[in-house]
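The following exercises ask the reader to work through one structural model. Each task is followed by a solution in steps.

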Amino acid sequence: MRKPLVAACLALAAAGAGAAPAAAADDTGKPVVDLRPVTESVGRIATDLGRAVPQAPTPTPGAQAVGFAGSVSLSNCSGSLIRMPDSRDDDPALVMSNGHCLESGFPAPGEVVVDQASSRSFGLLDANGTRVATLRAARLAYATMTDTDVAVYRLTQTYAQIKAASGIAPLTLNDTRPAAGTAISVVSGYWKRIYRCSVDGFAHRLKEGDWTWKDSVRYTAACDTVGGTSGSPVVDEATGKVVAVNNTGNESGERCTVNNPCEVDESGTVTVREGINYAQQTYPIPACFGIGNKLDLGADGCVLPKP
């Protein structure tokens, strides 16, 4: 899982290179404690911090320009303001990130969180990466790290209200599966950086520590995402629609450990790809949200894990 690098550096400064809780601040200035172990070395963090400096994106020839508009920054991760293909302007808006980015820590394997109160805040960015508004959650609609790694928050405002106040429209989730070779942009609101590459292929199963994800997107090497990019929308450059949510990468070549996921194929063969990063597909999500952007895990076609 991709941890926030600034928080990791603060923890290492306080405790040397050993594991320690990392702290960040939310939009009220209150500390947010991240109890995930800090496993990177000081050298790794310094390298990644250098790589994470915002850079001007270079669009793929022939692709539409993907910017930061609709992306959000969390206290510890990235995310995006999203809508379903059938969402209406007067529906309560939604923000998507990773399940492992929850304020409460990682959901356990098999755990599904549904309809919990939340007042989490998000910094909404415009096309240039400038923060133009603060969004506030009303509920955590759905979160899990089982089969996928996703969290969806229901906001206090509608899409129309957000657009009127900020000029920013949501990103639309694509409800069809992306294809290998698709040109994509991974848009990090945390770092205000865009990574551009292609879908290299898919991992039948992606195993990391105690968690297993299904049919994960594998990037080509150009998307060398770092800590803090967790939850970033993965945008199809041809359509501008979201096809996945960025969540992890193999950092040091270990086999199936935390921060070192491994691929497991249909026959059980394990493959380790050091330095390669992954995302979780989002096309199954729209089938689970109905009228008014309400979660309906019993809807026809909804295959998201249930509590």
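**Exercise 1. Strand pairing**

Alanine 143 stands opposite alanine 151 in E9. The model is a predicted one, in which local features need pLDDT of at least 70, side-chain atom pairs count only at pLDDT 80 or more, and totals for chains, interfaces and linings use all residues. Residues are numbered from 1 along each chain as its sequence is written, and side-chain values use heavy atoms, with hydrogens and water left out.

Task: Determine in which sense E8 and E9 pair, and over how many bridges.

Solution. Helices (H or I, at least four residues) and strands (E, at least two) are DSSP runs, numbered from the N terminus; two strands pair if DSSP finds at least two bridges between them.

Step 1: count the bridges. E8 and E9 are joined by six bridges and run antiparallel.

Step 2: inspect the connection. Five residues separate E8 from E9 in a hairpin, and aspartate 147 in its turn has a positive phi of about 70 degrees.

Step 3: turn to E5. E5 also pairs with E9 in the antiparallel sense, over five bridges, and here valine 95 faces tyrosine 153 in E9.

**Exercise 2. Helix H3**

Task: Identify which residues of H3 are buried, and what covers them.

Solution. Step 1: apply the accessibility classes. Buried means under 20% relative accessible area, exposed over 50%, and partly exposed in between (1.4 Å probe, protein chains only). Tyr159, Ile162 and Ser166 of H3 are buried.

Step 1: view the helix down its axis. The buried residues of H3 fall within an arc of 65 degrees (taken from the directions from the helix axis to the C-beta atoms), so they line one face of the helix. An α-helix has 3.6 residues a turn, so residues three or four places apart point the same way.

Step 2: examine the other side. Ala164 and Ala165 are exposed on the face of H3 turned away from its buried side.

Step 3: find the cover. By contact (heavy atoms within 4.5 Å), the elements over the buried residues of H3 include E4, E5, E7, E8 and E9.

Step 4: leave the helix. Glycine 167 follows H3 and has a positive phi, near 80 degrees.

**Exercise 3. Glutamine 161**

Solution. Step 1: locate the residue. Glutamine 161 belongs to H3, which spans residues 159-166.

Step 1: look at its side chain. A polar atom of the glutamine 161 side chain lies 2.9 Å from the backbone nitrogen of threonine 158.

Step 2: compare sequence and space. Aspartate 91 is 70 residues from glutamine 161 along the chain, while their C-alpha atoms are separated by 9.8 Å.

**Exercise 4. Disulfides**

Step 1: assign handedness. The S-S torsion of cysteine 77 and cysteine 101 is about -85 degrees, so this disulfide is left-handed. For cysteine 288 and cysteine 302 the torsion is about 100 degrees, so that disulfide is right-handed.

Step 2: check burial. Cysteine 288 is buried, with a relative accessible area of 0%, and cysteine 302 is buried at 8%.

Note on methods. Polar contact = N/O pair within 3.5 Å; in protein donor to acceptor, adjacent residues only side chain to side chain. Disulfide = S-S within 2.5 Å.
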